[in-house]
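Have the viewer open and follow along as you read.

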Amino acid sequence: MKELSLNLLDVAENSVKAGATLTELLLTEEQNRLTMVIRDDGCGMSAETVAKVIDPFYTTRTTRKVGLGVPFLKMEAEQTGGSLTVSSTEASADPICHGTTLTAVFYTDHVDFTPLGDVISTVTTLIQGHPDTDFLFLHTTAKGEVRLATCGVRSLLGEDVCLGEYEVIKWIEAYLKEQYGDLQGI
Amino acid sequence: MKSLAELQAIKDRMKDKVVLREGTDGIRVVVGMATCGIAAGARPVLNAFVEGVNNGGLAGKVSVSQTGCIGICQYEPVVEVFESGKDKVTYVKMTAEKAQEVVEKHLKGGNVVTEYTIGAYDA
């Protein structure tokens with residue numbers, strides 16, 4: 001992928017498909033390290049499936065639903081000297097606290113680091129496509145943070161207004177742009 | 001500063017729109033957003049449709065939604081247009097520019113942009 005934000009979109013789609021009610025997209029920048037965490041409260045996976053998700057050759061042959069998305073991201077992390085891990089708890093194992101957490105670490109000063117790209121577009125695309133599930137986006141940098149929680153927007157708009165409405169999406173886009181602008185200005 | 005008061009204003013404006021939508025026999029635009037689609041550039045295509053439909057005054061008539069892998073990954077980004085009483089139209093190898101053209105000619109004008117459909121590539 002040309003931008004890490006596209007991987008973020010791709011992996012978050014898996015969370016939504018896993019029936020997540022809340023998908024958290026967390027980006028943390030510390031010096032030359034970028035940590036991407038995608039955490040959901042979806043149905044989770046067995047340890048066996050988690051192992052398959054990371055291996056492209058095993059995965060594509062057996063669980064076609066999962067596909068190449070995670071191996072792509074793993075490659076992009078490892079080519080910077082970073083790593084990718086997935087942990088998961090199945091709903092059958094723990095009916096209350098289940099879901100999947102994917103953590104990818106990148107070294108941003110490595111020549112093979114894929115740029116983050118248009119993260120705002122990833123957030124708005126997810127909300128447009130899945131207006132009934134909640135997302136928490138939090139990008140933490142040394143200068144401050146950019147945050148959006150759809151649950152807050154949802155409670156303000158009430159039940160009658162869909163989060164996928166164009167005006168709402170444009171508001172979220174401008175809201176995030178403004179926060180990134182503030183970070184630049186510091 | 002983007003304020004929550006603006007969201008409240010959006011909420012108030014939407015009250016009138018909700019009534020308008022019901023009962024309209026609309027066109028559905030569906031963009032494939034699986035790994036294959038995303039890697040091929042589906043995100044800007046989707047955004048171009050969302051922008052084009054809303055800025056072109058088609059919001060009450062056309063809905064834009066996302067789906068998973070349609071099964072023809074080599075043709076991504078793939079966009080399907082569904083309209084009741086008509087055959088499904090499948091646009092392939094889409095770009096944001098082509099999407100704008102489809103909004104103008106097909107969604108607004110009612111004329112399928114044949115050169116971007118899968119039929120044009122199969123021939």
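## Before we start

A residue is called buried when its relative accessible area is under 20%, exposed when it is over 50%, and partly exposed in between. Please keep in mind that this is a predicted model.

To count as one here, the two sulfur atoms must lie within 2.5 Å. The closest cysteine sulfur to that of Cys73(B) belongs to Cys69(B) and is 3.6 Å away, which is too far for a bond. A search of the whole structure, over all chains, finds zero disulfides. Cys69(B), accordingly, is in no disulfide, with the sulfur of Cys73(B) as its nearest cysteine sulfur.

## Strand 1 of chain A and its neighbours

Now move to chain A, where strand 1 covers residues 22–30. On one hand, strand 1 pairs with strand 2 (residues 33–40) in the antiparallel sense, through eight bridges. Within this pairing, Leu25(A) has Ile38(A) in strand 2 as its bridge partner. The two strands make a hairpin with two residues between them, and Gln31(A) in the turn shows a positive phi of about 50°.

Strand 1 of chain A also runs parallel to strand 5 (residues 134–141) of chain A, and seven bridges join them. Look for Thr23(A) here: it stands opposite Phe135(A) in strand 5.

## Aromatic rings

How many aromatic pairs does a search of the whole structure find? Over all chains, there are three. One of them joins Phe106(A) and Phe113(A) in an edge-to-face arrangement, with 6.1 Å from centre to centre and 70° between the planes. Both Phe106(A) and Phe113(A) are buried.

Trp171(A) counts as buried because its relative accessibility is 3%.

## A charge over a ring

Finally, return to chain B. The charged end of Arg28(B) sits over the ring of Phe82(B), at 4.6 Å from the ring centre.

Conventions
Residues numbered from 1 in each chain as written. Chains lettered and ligands numbered in written order. Predicted model: local features only at pLDDT ≥ 70, side-chain atom pairs only at ≥ 80, totals over all residues. Heavy atoms only, no water. Pairing = 2+ DSSP bridges. Helix = DSSP H or I, 4+ residues; strand = E, 2+ residues; numbered from the N terminus. Phe/Tyr/Trp six-rings, centres within 6.5 Å; stacked < 30°, edge-to-face > 60°. Buried < 20%, exposed > 50% of the residue type's maximum accessible area, 1.4 Å probe, protein only. Lys NZ or Arg CZ within 6 Å of the ring centre and 35° of its normal.
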